[in-house]
Amino acid sequence: NDALARAAIRGGCTHFFGYPITPQNEIPEFLARELPRAGGVFLQAESEIATINFLLGTSASGKRVMTSSSGPGISLMQEGLSYIACSEVPVVVVNIMRGGPGLGNVQPSQADYFQAVKMAGHGDFHMIVLAPANVQEAIDFTGLAFDLAEPPTDTPPPVLTGALDRPELAGPVYPARVDASR
């Protein structure tokens, strides 16, 4: 989660809005500390619904924005994600998956896979889903997500991860390349 958050800053994220939910809490914890140091804005919203609407408004003003959550939080964001997709504003959404229906549990899972690839919510749009298999891909895909969110794609590409904290998935990692033209 820390590597993914660091990659978001390197990818140009200037604003992060979020609401705490396990197992993604390390992302907002890291960004609350580091994003303001990089000249960005971190805001913990009062709910997932407020979070997604903050993203919609801030992205419409031309900022690179991101949120992270988990299954139940992503479910609460569905109407806002539909507005974002139909408004064609660039937003990055990170979904750290956890298992089970409803409130679920905090075990690694692929329970949010269907939600990501079929995209719950209304509106006629399709998502580009980035599903990293290891920490290096999480770093690379997070930077890529910011680029894919921009025109001509114009849909929020979810970064869909699970248990990347296992040592065998870590290995050596390298910082994401930054496009100097941004």
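1. Which strands does helix α2 lie across, and at about what angle does the helix run to β3? In this predicted model, helix α2, residues 26–34, lies across β1, β2, β3 and β4. The angle to β3 is about 145°. Strand β4 covers residues 91–96.

2. Helix α3, made up of residues 48–60, also packs on the sheet. The strands touched by α3 are β1, β2, β3 and β4. The direction of helix α3 makes about 165° with that of β3.

3. The sheet itself is open and has five strands, with parallel pairing. Read across the sheet, the order is β2-β1-β3-β4-β5. Strands β2 (41–44) and β5 (158–161) are the edge strands, and each of them pairs on one side only. From one strand to the next, the twist averages 15°.

4. Within the sheet, β1 (residues 15–18) pairs with β3 (residues 65–69) in the parallel sense, over two bridges. Phe16 has Met66 in β3 as its bridge partner.

5. How many aromatic pairs does a search of the whole structure find? The search gives two. A pair of aromatic rings is described by the distance of the centres and the angle of the planes. Both values are given below for each pair.

6. Phe16 belongs to strand β1 and Phe42 to strand β2, so the pair ties together parts that are 26 residues apart in sequence. Phe16 has 1% relative accessibility and therefore counts as buried, the cut-off being under 20%. Phe42 has a relative accessible area of 22% and is partly exposed.

7. Phe17 and Phe54 form a pair with ring centres 5.3 Å apart. Why does this pair count as stacked? The planes are at 25°, and planes under 30 degrees apart count as stacked. Phe17 lies in strand β1, whereas Phe54 lies in helix α3, so this pair ties together parts that are 37 residues apart in sequence.

8. Is Phe17 buried or exposed? With 5% relative accessibility, Phe17 counts as buried.

9. Phe16 of β1 ties to Phe42 of β2, and Phe17 of β1 ties to Phe54 of helix α3.

Key:
Residues are numbered from 1 along each chain as its sequence is written. This is a predicted model: local features need pLDDT of at least 70, side-chain atom pairs count only at pLDDT 80 or more; totals for chains, interfaces and linings use all residues. Side-chain values use heavy atoms; hydrogens and water are left out. Two strands pair if DSSP finds at least two bridges between them. Helices (H or I, at least four residues) and strands (E, at least two) are DSSP runs, numbered from the N terminus. Axes are lines fitted to C-alpha atoms, for helices over the stretch in contact, and angles run from 0 to 180 degrees between N-to-C directions. Contact means heavy atoms within 4.5 Å. Rings of Phe, Tyr and Trp (its six-membered ring) pair if their centres lie within 6.5 Å; planes under 30 degrees apart count as stacked, over 60 as edge-to-face and the rest as tilted. Buried means under 20% relative accessible area, exposed over 50%, partly exposed in between (1.4 Å probe, protein chains only).
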